[in-house]
Amino acid sequence: CRFGIDDVLFREEEDIICLAFELSVQAIENESMDVSKHPAGRNTYIDTALRIVDVVQMYDRNERRLRSRRRNCPARSAAKSRPSKQQKYMSLLRPKDNGKSDEVDTTPKSVIEERFADKWKWLQNFRTSYDSRVKSDHASNDASNRKSGGRNGDIEFLVHRPELISDDLSISSSEEEQDEIGLRVQPNSQQSLKTSDGDFDRVAESPLPQVSETAASCQGLDAQAFQLRMNLLGMPPSERKSIQVTRHTVTEIGSLLAAYGDADGAGGIARLGDVLSGLRPPDGVASVSTPSFPLEETVVALLVRDHLTDAMGALRARAFLRAFVLPLMIEISPAAKAVYYGCSPSGGKEKGKPASRSMTSFLAGLCRDRPNEFVLGVLAPSLTVQESASTVNNAELSSFEPSRFQCELVVRLLKGKDGLSLSATALLLNGVLPSSDGTSGMKWTEASMPIVTVCVNRKPVLTSASLAKLLDRVIACLSPGSPPSMTRSMKLSTLFNSIVTKYSSQVKESGKVDQLKNSASRLKTFNSKTLIAALKKL
């Protein structure tokens, strides 16, 4: 698969398509309930909503067909870039089938049919009854329009994608491919289904699944998920890691994921993770005294392989990573585990444990396949522990600092061959800096400062506000009241030098050059004079 085929852009487009479908179905349901507005004939709002659904569905099918063809097409070398004459005219040499073809329909399903199967079935039944009800009136209108030589006043919709500015040429389709998939979709390209005229009122009165049913369905699922958690924690570690238990656990969680996703979407997936971790016990169950994550690394890796596919949108992917991968990152550090689960740390100073090779391997795959969701759902929360710190007081949260093993794992992921993209690197850098809502961000220590240094050395695009926060943190670390160890820290000096070197023009425009000079003068490292000389040139 060439780079750029399954970019985050396509997942964002699918989320927008799903939003357009939900709004259209809601409009159809509202209009169909009030029969007094359209006792006979067509309704303009329903027609427009149906056309929007047709356009976005056809567009998504065409995009999926094109991406599937690119994915299955092997890369061609420069010598074989042009097809031979025999390949070019192969279609003309094939015998004609006289209109009889036994080929199987390979039209891919759209994202609407995958995510909203019940609503799609309801819409097909509604369209069948709606078309049958207004069939006679529509036929008379068509006859009058043919006599007058005019049109029905249909609105033509066009899905437009902004042009991408990228060095990767494979992300945009050629003119021949655009002509083949037909980006301009005709508004009346829906299938006509036959039914009786009396079915319209019955289908119109059948409501869609309501949001009020979500709480009841999730409560029943909470009991199943919590029982699975208790069963896993009651097993010995050796039995929990066995092949039979691993396969059974993956199957059970896969069923729960589908049920929670159908019930509440991304919120349901996040809820499943909280129940499995013990952060949200079901109704009627006392709060868990010692919350912990019961799943092994092998189970999580299999869940990522089976369920984190291209069909999953960005919101659900972020919720999935937060529910299943973030607890594994938290387990590395005892301090992070205590803050995350809101429990008191165990006695003694535990240093934690380093990440295994298998865990590092599948985390590197997430950096490559889902960089933005991985940063927002795993990396930034594990370094700051802000998302689930509702049960922890502010003093304990502000004193939290990531462990050495956590920081070494993040640095290894950033420096690997499957490292984060520049946009994801900028997201990580903004995620560990203080935010406007009052959060302090990641605490700078000898272990955590290399993370910021690696991000800065990649030189992602930073806004003036983000760079100002970065400079303010450097100035605070070298203030007169800072610990003496900071003035002798080579890691802080290296980070300081990287910021001035990589973002010299923005540092000059920030208006903090004089403050940075005073901070650099307090450094007691061998490269402090070089840093001061670089600041004087600005």
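The questions and answers below concern helix packing in a predicted model.

In this predicted model, local features need pLDDT of at least 70 and side-chain atom pairs count only at pLDDT 80 or more, while totals for chains, interfaces and linings use all residues. Residues are numbered from 1 along each chain as its sequence is written, and side-chain values use heavy atoms, with hydrogens and water left out.

Visitor: How many helices and strands does the chain have?
Guide: Helices (H or I, at least four residues) and strands (E, at least two) are DSSP runs, numbered from the N terminus. By that count, the secondary structure of the chain is 28 helices and 0 strands.

Visitor: What percentage of the residues of the chain count as buried?
Guide: Buried means under 20% relative accessible area, with exposed over 50% and partly exposed in between (1.4 Å probe, protein chains only). The chain has 538 residues, and the buried share is 43%.

Visitor: Are α20 and α22 roughly parallel or roughly antiparallel?
Guide: Axes are lines fitted to C-alpha atoms, for helices over the stretch in contact, and angles run from 0 to 180 degrees between N-to-C directions. The axes of α20 (residues 404-415) and α22 cross at roughly 15° and come within 9 Å. Angles under 35 degrees count as roughly parallel, over 145 as roughly antiparallel, 65 to 115 as roughly perpendicular and the rest as oblique. The pair α20 and α22 is therefore roughly parallel.

Visitor: How many nonpolar, polar and charged residues has the contact of α20 with α22?
Guide: Contact means heavy atoms within 4.5 Å. Cys407, Val410, Val411, Leu414 and Lys415 of α20 meet Pro450, Ile451, Val454 and Cys455 of α22. Ala, Val, Leu, Ile, Met, Phe, Trp, Tyr, Cys and Pro count as nonpolar, Asp, Glu, Lys and Arg as charged, and the others, Gly among them, as polar. The contact of α20 with α22 has 8 nonpolar, no polar and 1 charged residues.

Visitor: How do the residues of the contact of α22 with α25 divide by class: how many nonpolar, polar and charged?
Guide: Helix α22 (residues 449-457) packs against α25 (residues 490-502) at about 20°, with axes 9 Å apart. From α22 come Met449, Pro450, Val452, Thr453, Val456 and Asn457, and from α25 come Lys491, Leu492, Thr494, Leu495, Ser498, Ile499 and Lys502. These divide into 7 nonpolar, 4 polar and 2 charged.

Visitor: Which helices are included in what covers the buried residues of α21?
Guide: In α21 (residues 422-432), the buried residues are Ala424, Thr425, Ala426, Leu428, Leu429 and Val432. Their cover includes α18 (371-384), α20 and α22.
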